[in-house]
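Please walk through the charged pairs of this protein and then through one of its strands. The model comes first, the explanation after it.

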Amino acid sequence: MKTRALRVAWLAAALLTADPSHATAQLPDTPAAHQFSAWLNAFNSGDRTTFAQFLDLYFPARKANIDQEMAFRDRTGGFDFVKADSSTAARFSAIVKERDSDQFARIAIDVEPADPHRILQLQARAIARPADIPLPRMSETGALAALRSQLQQDAAADRFAGAILVAKHGKPIFAEAYGLADREQKIANTLQTRFRIGSMNKMFTATAVLQLVQAGTVTLTEPLGTYLPDYPNKEIASNVTIHELLTHTGGTGDIFGPEFEAHRLELRSLDDYVKLYGTRGPEFGPGSRWAYSNYGFLLLGVVIEKAAGVSYYDYVRDHVYRPAGMTSTGSEAESEAVPGRSVGYMKVDGSWRPNTGTLPYRGTSAGGGYSTVEDLLKFANALEAHTVLDVHYTELLTTGKVDTPGGGRYAYGFGEQLRGGVRCFGHGGGAPGMNGDLEICPQSHYTVVVLANMDPPAAQRIADFIENRLP
(Lines give C-alpha, C1' and ligand atoms only; values in the text may rest on other atoms or scores of the structure.)
Protein backbone atom coordinates (compact mmCIF):
# COMPACT_ATOMS: atom_id res chain seq x y z
CA MET A 1 0.00 0.00 0.00
CA LYS A 2 2.85 2.37 0.82
CA THR A 3 4.41 1.76 -2.59
CA ARG A 4 1.13 2.48 -4.35
CA ALA A 5 0.61 5.67 -2.33
CA LEU A 6 4.10 6.89 -3.24
CA ARG A 7 3.49 6.08 -6.90
CA VAL A 8 0.19 7.97 -6.95
CA ALA A 9 1.73 10.93 -5.14
CA TRP A 10 4.53 11.00 -7.71
CA LEU A 11 1.97 10.83 -10.52
CA ALA A 12 0.05 13.80 -9.13
CA ALA A 13 3.21 15.86 -8.83
CA ALA A 14 4.32 14.90 -12.32
CA LEU A 15 0.97 15.87 -13.77
CA LEU A 16 1.27 19.34 -12.31
CA THR A 17 4.52 20.02 -14.13
CA ALA A 18 4.63 17.74 -17.17
CA ASP A 19 3.19 20.06 -19.80
CA PRO A 20 5.03 23.35 -20.33
CA SER A 21 2.19 24.66 -22.52
CA HIS A 22 0.35 25.82 -19.40
CA ALA A 23 2.94 26.22 -16.63
CA THR A 24 1.47 26.68 -13.18
CA ALA A 25 2.98 30.20 -13.05
CA GLN A 26 0.21 31.20 -15.44
CA LEU A 27 -2.46 29.99 -13.03
CA PRO A 28 -3.69 31.36 -9.72
CA ASP A 29 -2.15 29.70 -6.68
CA THR A 30 -5.37 28.03 -5.54
CA PRO A 31 -6.40 24.40 -4.99
CA ALA A 32 -8.96 24.61 -7.81
CA ALA A 33 -6.44 26.02 -10.29
CA HIS A 34 -3.83 23.40 -9.40
CA GLN A 35 -6.41 20.65 -9.76
CA PHE A 36 -7.42 22.03 -13.15
CA SER A 37 -3.76 21.91 -14.22
CA ALA A 38 -3.43 18.33 -13.02
CA TRP A 39 -6.60 17.27 -14.81
CA LEU A 40 -5.51 18.99 -18.00
CA ASN A 41 -2.16 17.23 -18.06
CA ALA A 42 -3.74 13.85 -17.43
CA PHE A 43 -6.36 14.45 -20.12
CA ASN A 44 -3.82 15.79 -22.63
CA SER A 45 -1.54 12.81 -22.13
CA GLY A 46 -3.96 10.68 -24.13
CA ASP A 47 -2.80 7.73 -22.06
CA ARG A 48 -5.71 5.77 -20.65
CA THR A 49 -3.73 4.38 -17.70
CA THR A 50 -2.41 7.80 -16.70
CA PHE A 51 -5.84 9.35 -16.92
CA ALA A 52 -7.50 6.46 -15.05
CA GLN A 53 -4.99 6.83 -12.21
CA PHE A 54 -5.76 10.53 -11.96
CA LEU A 55 -9.51 9.88 -11.89
CA ASP A 56 -9.07 7.22 -9.22
CA LEU A 57 -7.31 9.69 -7.00
CA TYR A 58 -9.09 12.96 -7.66
CA PHE A 59 -12.32 12.45 -9.64
CA PRO A 60 -13.69 8.94 -8.99
CA ALA A 61 -17.21 9.95 -10.03
CA ARG A 62 -15.98 10.32 -13.62
CA LYS A 63 -14.09 6.99 -13.72
CA ALA A 64 -17.16 5.07 -14.88
CA ASN A 65 -17.28 7.28 -17.98
CA ILE A 66 -13.64 6.90 -18.96
CA ASP A 67 -14.57 5.53 -22.41
CA GLN A 68 -16.47 8.73 -23.15
CA GLU A 69 -13.64 10.81 -21.71
CA MET A 70 -11.06 9.14 -23.94
CA ALA A 71 -13.34 9.52 -26.96
CA PHE A 72 -13.61 13.23 -26.13
CA ARG A 73 -9.83 13.42 -25.90
CA ASP A 74 -9.59 11.73 -29.29
CA ARG A 75 -12.02 14.21 -30.89
CA THR A 76 -10.34 17.32 -29.51
CA GLY A 77 -6.68 16.28 -29.47
CA GLY A 78 -6.56 17.75 -25.97
CA PHE A 79 -6.68 21.41 -24.91
CA ASP A 80 -4.17 24.22 -24.56
CA PHE A 81 -4.68 26.56 -21.63
CA VAL A 82 -5.25 30.13 -22.87
CA LYS A 83 -6.15 32.21 -19.84
CA ALA A 84 -7.94 32.22 -16.51
CA ASP A 85 -11.56 33.26 -16.64
CA SER A 86 -12.55 33.36 -12.96
CA SER A 87 -11.02 32.01 -9.79
CA THR A 88 -11.74 31.27 -6.15
CA ALA A 89 -10.13 28.76 -3.81
CA ALA A 90 -12.68 26.04 -4.66
CA ARG A 91 -13.70 27.00 -8.19
CA PHE A 92 -11.67 27.80 -11.28
CA SER A 93 -12.79 28.61 -14.79
CA ALA A 94 -10.40 28.70 -17.75
CA ILE A 95 -10.52 29.49 -21.44
CA VAL A 96 -8.90 26.73 -23.49
CA LYS A 97 -8.45 25.91 -27.16
CA GLU A 98 -8.74 22.54 -28.83
CA ARG A 99 -5.39 21.39 -30.13
CA ASP A 100 -6.85 19.89 -33.30
CA SER A 101 -9.14 22.78 -34.30
CA ASP A 102 -9.89 26.48 -33.94
CA GLN A 103 -12.58 25.74 -31.33
CA PHE A 104 -12.39 27.46 -27.95
CA ALA A 105 -14.07 26.27 -24.78
CA ARG A 106 -14.65 27.29 -21.19
CA ILE A 107 -13.79 24.65 -18.60
CA ALA A 108 -15.07 25.16 -15.06
CA ILE A 109 -13.92 22.99 -12.16
CA ASP A 110 -15.20 22.77 -8.57
CA VAL A 111 -13.14 21.05 -5.87
CA GLU A 112 -13.59 20.03 -2.26
CA PRO A 113 -12.35 22.74 0.13
CA ALA A 114 -10.24 20.30 2.14
CA ASP A 115 -7.12 18.43 1.08
CA PRO A 116 -6.73 16.48 -1.23
CA HIS A 117 -9.26 18.76 -3.01
CA ARG A 118 -11.01 16.09 -5.01
CA ILE A 119 -12.97 17.32 -8.01
CA LEU A 120 -16.69 17.70 -7.40
CA GLN A 121 -17.66 18.84 -10.88
CA LEU A 122 -16.00 19.64 -14.20
CA GLN A 123 -17.86 21.16 -17.14
CA ALA A 124 -16.60 22.01 -20.62
CA ARG A 125 -18.65 24.21 -22.94
CA ALA A 126 -17.78 25.38 -26.44
CA ILE A 127 -17.60 29.16 -26.83
CA ALA A 128 -17.01 31.65 -29.61
CA ARG A 129 -13.43 32.73 -30.22
CA PRO A 130 -12.57 35.44 -27.66
CA ALA A 131 -12.52 38.91 -29.19
CA ASP A 132 -9.06 39.60 -27.75
CA ILE A 133 -7.60 36.56 -29.56
CA PRO A 134 -8.23 37.35 -33.23
CA LEU A 135 -7.24 34.93 -35.95
CA PRO A 136 -5.50 36.88 -38.72
CA ARG A 137 -7.08 36.53 -42.13
CA MET A 138 -4.92 35.20 -44.94
CA SER A 139 -4.76 35.77 -48.66
CA GLU A 140 -6.99 33.48 -50.69
CA THR A 141 -3.97 31.56 -51.96
CA GLY A 142 -2.55 31.24 -48.45
CA ALA A 143 -5.87 30.15 -46.97
CA LEU A 144 -6.38 27.43 -49.56
CA ALA A 145 -2.82 26.18 -49.12
CA ALA A 146 -3.36 26.03 -45.35
CA LEU A 147 -6.65 24.21 -45.95
CA ARG A 148 -4.99 21.56 -48.12
CA SER A 149 -2.30 21.03 -45.51
CA GLN A 150 -4.91 20.71 -42.74
CA LEU A 151 -6.98 18.25 -44.78
CA GLN A 152 -3.97 16.09 -45.53
CA GLN A 153 -3.02 16.10 -41.86
CA ASP A 154 -6.54 15.24 -40.68
CA ALA A 155 -7.02 12.55 -43.32
CA ALA A 156 -3.70 10.93 -42.39
CA ALA A 157 -4.75 10.94 -38.72
CA ASP A 158 -8.18 9.47 -39.67
CA ARG A 159 -9.93 12.61 -38.41
CA PHE A 160 -11.49 13.45 -41.77
CA ALA A 161 -13.01 11.43 -44.59
CA GLY A 162 -15.25 13.28 -46.98
CA ALA A 163 -15.36 16.05 -49.55
CA ILE A 164 -14.95 19.83 -49.52
CA LEU A 165 -15.79 22.49 -52.04
CA VAL A 166 -14.93 26.19 -51.73
CA ALA A 167 -16.46 28.55 -54.27
CA LYS A 168 -16.12 32.25 -55.05
CA HIS A 169 -18.84 34.06 -56.99
CA GLY A 170 -20.48 30.65 -57.33
CA LYS A 171 -17.53 28.99 -59.05
CA PRO A 172 -15.35 26.31 -57.38
CA ILE A 173 -11.84 27.44 -56.44
CA PHE A 174 -11.03 24.38 -54.30
CA ALA A 175 -12.61 20.94 -54.60
CA GLU A 176 -11.10 17.79 -53.11
CA ALA A 177 -12.15 14.49 -51.54
CA TYR A 178 -10.38 12.36 -48.95
CA GLY A 179 -10.72 8.96 -47.35
CA LEU A 180 -13.04 6.08 -48.09
CA ALA A 181 -16.75 6.04 -48.84
CA ASP A 182 -16.76 2.31 -48.02
CA ARG A 183 -13.92 1.03 -45.88
CA GLU A 184 -14.75 -2.63 -46.44
CA GLN A 185 -14.91 -2.34 -50.23
CA LYS A 186 -12.05 0.22 -50.39
CA ILE A 187 -14.18 2.70 -52.37
CA ALA A 188 -12.76 6.22 -52.25
CA ASN A 189 -14.77 9.35 -51.57
CA THR A 190 -15.18 11.67 -54.56
CA LEU A 191 -16.85 15.00 -55.24
CA GLN A 192 -19.85 13.01 -56.48
CA THR A 193 -20.15 10.85 -53.36
CA ARG A 194 -23.55 11.15 -51.72
CA PHE A 195 -23.16 11.82 -48.01
CA ARG A 196 -25.89 11.76 -45.40
CA ILE A 197 -26.43 15.35 -44.36
CA GLY A 198 -28.36 15.16 -41.08
CA SER A 199 -30.15 18.39 -40.22
CA MET A 200 -29.08 20.16 -43.41
CA ASN A 201 -32.47 19.01 -44.77
CA LYS A 202 -33.96 21.83 -42.70
CA MET A 203 -32.74 24.34 -45.29
CA PHE A 204 -34.79 22.60 -47.98
CA THR A 205 -37.84 22.38 -45.72
CA ALA A 206 -37.69 26.06 -44.79
CA THR A 207 -37.22 27.04 -48.44
CA ALA A 208 -40.31 25.01 -49.35
CA VAL A 209 -42.37 26.67 -46.59
CA LEU A 210 -41.29 30.14 -47.71
CA GLN A 211 -42.25 29.25 -51.29
CA LEU A 212 -45.76 28.49 -50.03
CA VAL A 213 -45.74 31.73 -48.04
CA GLN A 214 -44.63 33.63 -51.15
CA ALA A 215 -47.50 31.99 -53.07
CA GLY A 216 -50.01 32.99 -50.39
CA THR A 217 -50.81 29.38 -49.47
CA VAL A 218 -49.23 29.50 -45.98
CA THR A 219 -49.13 32.40 -43.50
CA LEU A 220 -46.24 32.66 -41.04
CA THR A 221 -48.39 34.03 -38.20
CA GLU A 222 -51.04 31.32 -38.43
CA PRO A 223 -51.00 28.48 -35.86
CA LEU A 224 -50.24 24.89 -36.78
CA GLY A 225 -53.90 23.94 -36.42
CA THR A 226 -54.84 26.09 -39.42
CA TYR A 227 -53.09 23.53 -41.62
CA LEU A 228 -53.41 20.45 -39.40
CA PRO A 229 -56.91 20.82 -37.88
CA ASP A 230 -56.86 17.25 -36.57
CA TYR A 231 -53.52 17.60 -34.77
CA PRO A 232 -53.84 15.60 -31.51
CA ASN A 233 -52.50 18.14 -28.99
CA LYS A 234 -54.80 21.15 -29.15
CA GLU A 235 -52.49 23.39 -27.12
CA ILE A 236 -49.77 23.10 -29.74
CA ALA A 237 -52.26 23.22 -32.62
CA SER A 238 -53.80 26.45 -31.33
CA ASN A 239 -50.75 28.32 -30.10
CA VAL A 240 -47.61 27.35 -32.05
CA THR A 241 -47.23 29.38 -35.24
CA ILE A 242 -45.41 28.54 -38.46
CA HIS A 243 -42.89 31.27 -37.60
CA GLU A 244 -42.19 29.59 -34.25
CA LEU A 245 -41.73 26.19 -35.87
CA LEU A 246 -39.28 27.70 -38.36
CA THR A 247 -37.26 29.42 -35.62
CA HIS A 248 -37.24 26.60 -33.01
CA THR A 249 -39.24 28.73 -30.58
CA GLY A 250 -42.42 26.62 -30.49
CA GLY A 251 -41.42 24.30 -27.63
CA THR A 252 -42.24 21.22 -29.70
CA GLY A 253 -39.29 19.13 -28.50
CA ASP A 254 -37.19 16.46 -30.13
CA ILE A 255 -37.87 13.11 -31.77
CA PHE A 256 -34.80 11.22 -30.58
CA GLY A 257 -34.75 9.08 -27.46
CA PRO A 258 -36.22 5.78 -26.23
CA GLU A 259 -39.43 6.11 -28.24
CA PHE A 260 -37.52 6.66 -31.46
CA GLU A 261 -35.20 3.73 -30.75
CA ALA A 262 -38.17 1.47 -30.11
CA HIS A 263 -39.94 2.44 -33.35
CA ARG A 264 -37.03 3.55 -35.57
CA LEU A 265 -37.84 1.38 -38.59
CA GLU A 266 -41.62 1.69 -38.16
CA LEU A 267 -41.53 5.46 -38.70
CA ARG A 268 -41.90 5.44 -42.47
CA SER A 269 -43.97 8.56 -43.17
CA LEU A 270 -44.18 11.99 -41.58
CA ASP A 271 -47.65 11.07 -40.32
CA ASP A 272 -46.12 8.13 -38.44
CA TYR A 273 -44.10 10.61 -36.38
CA VAL A 274 -47.22 12.64 -35.62
CA LYS A 275 -49.01 9.50 -34.43
CA LEU A 276 -46.11 8.74 -32.08
CA TYR A 277 -45.40 12.24 -30.73
CA GLY A 278 -48.54 14.24 -31.49
CA THR A 279 -50.16 14.00 -28.07
CA ARG A 280 -47.26 15.75 -26.33
CA GLY A 281 -47.79 19.25 -25.04
CA PRO A 282 -45.31 22.13 -25.46
CA GLU A 283 -42.12 22.04 -23.39
CA PHE A 284 -42.40 25.80 -22.78
CA GLY A 285 -44.60 28.71 -23.76
CA PRO A 286 -44.48 29.13 -27.53
CA GLY A 287 -42.28 32.05 -28.48
CA SER A 288 -40.75 32.39 -25.01
CA ARG A 289 -37.30 31.00 -25.85
CA TRP A 290 -35.18 29.12 -28.39
CA ALA A 291 -34.66 25.34 -28.17
CA TYR A 292 -33.64 23.26 -31.17
CA SER A 293 -36.60 21.12 -32.23
CA ASN A 294 -36.35 18.36 -34.80
CA TYR A 295 -40.02 17.61 -34.24
CA GLY A 296 -40.94 21.18 -35.12
CA PHE A 297 -39.35 20.77 -38.56
CA LEU A 298 -40.98 17.40 -39.00
CA LEU A 299 -44.32 19.17 -38.45
CA LEU A 300 -43.37 21.71 -41.10
CA GLY A 301 -43.02 18.82 -43.53
CA VAL A 302 -46.60 17.78 -42.74
CA VAL A 303 -47.72 21.39 -43.24
CA ILE A 304 -46.10 21.35 -46.70
CA GLU A 305 -47.94 18.13 -47.53
CA LYS A 306 -51.33 19.51 -46.46
CA ALA A 307 -50.86 22.93 -48.06
CA ALA A 308 -49.40 21.68 -51.36
CA GLY A 309 -51.43 18.49 -51.66
CA VAL A 310 -48.41 16.31 -52.45
CA SER A 311 -45.88 14.38 -50.37
CA TYR A 312 -43.06 16.34 -48.77
CA TYR A 313 -40.55 14.36 -50.81
CA ASP A 314 -42.26 15.12 -54.13
CA TYR A 315 -42.60 18.79 -53.26
CA VAL A 316 -38.93 19.42 -52.45
CA ARG A 317 -37.87 17.35 -55.47
CA ASP A 318 -40.00 19.39 -57.87
CA HIS A 319 -39.75 22.86 -56.28
CA VAL A 320 -36.30 22.94 -54.63
CA TYR A 321 -33.97 20.31 -56.09
CA ARG A 322 -34.99 20.51 -59.76
CA PRO A 323 -35.05 24.32 -60.08
CA ALA A 324 -31.62 24.43 -58.43
CA GLY A 325 -30.25 21.71 -60.72
CA MET A 326 -29.64 19.27 -57.85
CA THR A 327 -29.59 15.76 -59.28
CA SER A 328 -27.92 13.80 -56.49
CA THR A 329 -29.97 14.86 -53.46
CA GLY A 330 -32.87 13.00 -51.87
CA SER A 331 -34.20 11.00 -48.96
CA GLU A 332 -34.79 7.54 -50.34
CA ALA A 333 -35.21 4.78 -47.78
CA GLU A 334 -32.05 3.27 -46.33
CA SER A 335 -33.21 -0.11 -47.62
CA GLU A 336 -33.01 1.17 -51.21
CA ALA A 337 -29.75 1.01 -53.13
CA VAL A 338 -28.65 4.59 -53.87
CA PRO A 339 -25.68 4.78 -56.26
CA GLY A 340 -22.69 6.49 -54.71
CA ARG A 341 -24.14 6.80 -51.22
CA SER A 342 -21.32 6.44 -48.71
CA VAL A 343 -21.26 4.29 -45.62
CA GLY A 344 -21.29 6.36 -42.44
CA TYR A 345 -18.74 5.39 -39.79
CA MET A 346 -19.02 6.04 -36.07
CA LYS A 347 -16.34 5.51 -33.43
CA VAL A 348 -17.20 2.66 -31.04
CA ASP A 349 -14.65 1.50 -28.47
CA GLY A 350 -11.89 3.13 -30.47
CA SER A 351 -12.82 1.54 -33.81
CA TRP A 352 -14.81 2.80 -36.80
CA ARG A 353 -18.05 0.89 -37.34
CA PRO A 354 -20.92 1.42 -39.82
CA ASN A 355 -23.76 3.52 -38.40
CA THR A 356 -26.40 1.31 -40.02
CA GLY A 357 -28.10 0.43 -36.75
CA THR A 358 -28.73 4.08 -35.86
CA LEU A 359 -30.33 5.27 -39.11
CA PRO A 360 -34.03 6.05 -39.52
CA TYR A 361 -36.10 4.30 -42.18
CA ARG A 362 -35.56 7.36 -44.37
CA GLY A 363 -34.76 11.04 -44.08
CA THR A 364 -37.48 13.52 -43.17
CA SER A 365 -38.19 17.24 -43.29
CA ALA A 366 -36.11 17.50 -40.11
CA GLY A 367 -33.03 15.78 -41.54
CA GLY A 368 -31.44 12.54 -42.61
CA GLY A 369 -31.34 12.86 -46.39
CA TYR A 370 -28.24 12.79 -48.56
CA SER A 371 -26.48 15.13 -50.97
CA THR A 372 -23.14 15.98 -52.56
CA VAL A 373 -20.89 18.98 -52.18
CA GLU A 374 -21.60 19.87 -55.82
CA ASP A 375 -25.39 19.76 -55.30
CA LEU A 376 -25.17 21.89 -52.18
CA LEU A 377 -23.21 24.53 -54.10
CA LYS A 378 -26.00 24.48 -56.70
CA PHE A 379 -28.51 25.06 -53.90
CA ALA A 380 -26.46 27.98 -52.56
CA ASN A 381 -26.20 29.48 -56.03
CA ALA A 382 -29.96 29.09 -56.59
CA LEU A 383 -30.64 30.99 -53.37
CA GLU A 384 -28.30 33.81 -54.31
CA ALA A 385 -29.68 33.96 -57.87
CA HIS A 386 -33.27 33.99 -56.48
CA THR A 387 -34.14 30.92 -58.52
CA VAL A 388 -36.16 29.27 -55.74
CA LEU A 389 -37.42 32.41 -53.94
CA ASP A 390 -37.64 36.09 -54.84
CA VAL A 391 -35.36 38.69 -53.25
CA HIS A 392 -37.70 39.55 -50.38
CA TYR A 393 -38.39 35.97 -49.32
CA THR A 394 -34.76 34.94 -49.70
CA GLU A 395 -33.82 37.68 -47.23
CA LEU A 396 -36.66 36.64 -44.93
CA LEU A 397 -35.50 33.02 -45.12
CA THR A 398 -31.86 33.69 -44.26
CA THR A 399 -31.88 36.71 -41.91
CA GLY A 400 -31.47 35.83 -38.23
CA LYS A 401 -34.44 36.33 -35.93
CA VAL A 402 -33.60 34.66 -32.61
CA ASP A 403 -30.34 34.61 -30.65
CA THR A 404 -28.82 31.16 -30.20
CA PRO A 405 -26.12 29.80 -27.88
CA GLY A 406 -22.65 30.50 -29.25
CA GLY A 407 -23.36 34.00 -30.53
CA GLY A 408 -25.28 33.33 -33.74
CA ARG A 409 -28.88 33.94 -34.72
CA TYR A 410 -31.41 31.52 -36.17
CA ALA A 411 -33.41 32.50 -39.24
CA TYR A 412 -35.85 30.12 -40.95
CA GLY A 413 -33.98 26.82 -41.29
CA PHE A 414 -30.71 28.73 -41.57
CA GLY A 415 -28.26 29.93 -38.96
CA GLU A 416 -26.76 33.39 -39.40
CA GLN A 417 -23.49 34.60 -37.94
CA LEU A 418 -20.78 37.19 -38.36
CA ARG A 419 -17.31 35.88 -39.20
CA GLY A 420 -14.77 38.66 -38.85
CA GLY A 421 -17.53 41.16 -39.54
CA VAL A 422 -18.74 39.24 -42.61
CA ARG A 423 -22.32 37.93 -42.62
CA CYS A 424 -22.67 34.23 -43.42
CA PHE A 425 -25.67 31.92 -43.33
CA GLY A 426 -26.21 28.19 -43.73
CA HIS A 427 -26.80 25.05 -41.71
CA GLY A 428 -24.89 22.08 -40.42
CA GLY A 429 -25.88 18.52 -39.76
CA GLY A 430 -24.50 15.82 -37.55
CA ALA A 431 -25.28 12.40 -36.12
CA PRO A 432 -23.26 9.24 -35.55
CA GLY A 433 -21.32 8.58 -38.75
CA MET A 434 -22.29 11.80 -40.56
CA ASN A 435 -21.39 15.49 -40.46
CA GLY A 436 -21.79 18.38 -42.86
CA ASP A 437 -21.89 22.15 -43.16
CA LEU A 438 -22.87 24.74 -45.74
CA GLU A 439 -21.92 28.39 -45.26
CA ILE A 440 -22.84 31.15 -47.72
CA CYS A 441 -21.12 34.52 -47.27
CA PRO A 442 -22.61 37.02 -49.75
CA GLN A 443 -20.39 39.95 -48.75
CA SER A 444 -17.12 38.11 -49.33
CA HIS A 445 -18.67 36.04 -52.16
CA TYR A 446 -17.41 32.75 -50.72
CA THR A 447 -19.40 29.54 -50.25
CA VAL A 448 -18.00 26.61 -48.27
CA VAL A 449 -19.44 23.09 -48.36
CA VAL A 450 -17.97 20.21 -46.36
CA LEU A 451 -19.45 16.72 -46.00
CA ALA A 452 -18.00 13.78 -44.06
CA ASN A 453 -19.01 10.16 -43.54
CA MET A 454 -17.76 10.08 -39.97
CA ASP A 455 -18.75 11.45 -36.57
CA PRO A 456 -19.06 15.16 -35.85
CA PRO A 457 -17.19 17.46 -35.77
CA ALA A 458 -15.11 16.12 -38.70
CA ALA A 459 -16.73 18.36 -41.33
CA GLN A 460 -17.52 21.27 -39.02
CA ARG A 461 -13.88 21.64 -38.01
CA ILE A 462 -12.75 21.87 -41.61
CA ALA A 463 -15.49 24.35 -42.49
CA ASP A 464 -14.53 26.54 -39.53
CA PHE A 465 -10.86 26.29 -40.42
CA ILE A 466 -11.25 27.71 -43.93
CA GLU A 467 -14.02 30.19 -43.06
CA ASN A 468 -11.81 31.66 -40.34
CA ARG A 469 -8.93 32.23 -42.77
CA LEU A 470 -10.42 33.32 -46.09
CA PRO A 471 -10.02 37.03 -46.83
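Which side chain meets Arg423 in a salt bridge? Glu416 does, at 2.5 Å from N to O. A salt bridge here is a side-chain nitrogen of Lys or Arg within 4 Å of a carboxyl oxygen of Asp or Glu. Arg423 is buried at 17% relative accessibility, and Glu416 is buried at 13%. Buried means under 20% relative accessible area, exposed over 50%, and partly exposed in between, with a 1.4 Å probe and protein chains only.

The model is a predicted one, in which local features need pLDDT of at least 70 and side-chain atom pairs count only at pLDDT 80 or more, while totals for chains, interfaces and linings use all residues. Residues are numbered from 1 along each chain as its sequence is written, and side-chain values use heavy atoms, with hydrogens and water left out.

Side chains of opposite charge can pair when their charged atoms come close. A search of the whole structure finds 25 salt bridges. One of them joins Lys83 to Asp132, with the closest N and O atoms 2.8 Å apart. Lys83 belongs to strand β1 (residues 79-87) and Asp132 to the loop between β4 (119-127) and α5 (140-156), so this pair ties together parts that are 49 residues apart in sequence. Helices (H or I, at least four residues) and strands (E, at least two) are DSSP runs, numbered from the N terminus. Lys83 is partly exposed at 30%, whereas Asp132 is exposed at 53%.

Arg183 and Asp158 form another salt bridge, 3.1 Å from N to O. This pair also links distant parts of the chain, 25 residues apart: Arg183 is in the loop between β7 (180-182) and β8 (187-188), and Asp158 is in the loop between α5 and β5 (162-168). Arg183 is partly exposed at 22%, and Asp158 is partly exposed at 31%. Elsewhere, a network of salt bridges links Asp314, Arg317, Asp318 and Arg322.

Now the strand. In β18 (residues 446-452), 7 of the 7 residues are buried. In a regular strand the side chains alternate between the two faces of the sheet. One side of β18 carries Tyr446, Val448, Val450 and Ala452, the other Thr447, Val449 and Leu451, and all are buried.

β5 and β18 run antiparallel, joined by 7 bridges, and Lys168 stands opposite Tyr446. β17 (residues 434-441) is also antiparallel to β18, over 7 bridges, with Leu438 opposite Val449. β17 and β18 form a hairpin with 4 residues between them, and His445 in the turn has a positive phi of about 70°.

Notes: Pairing = 2+ DSSP bridges.
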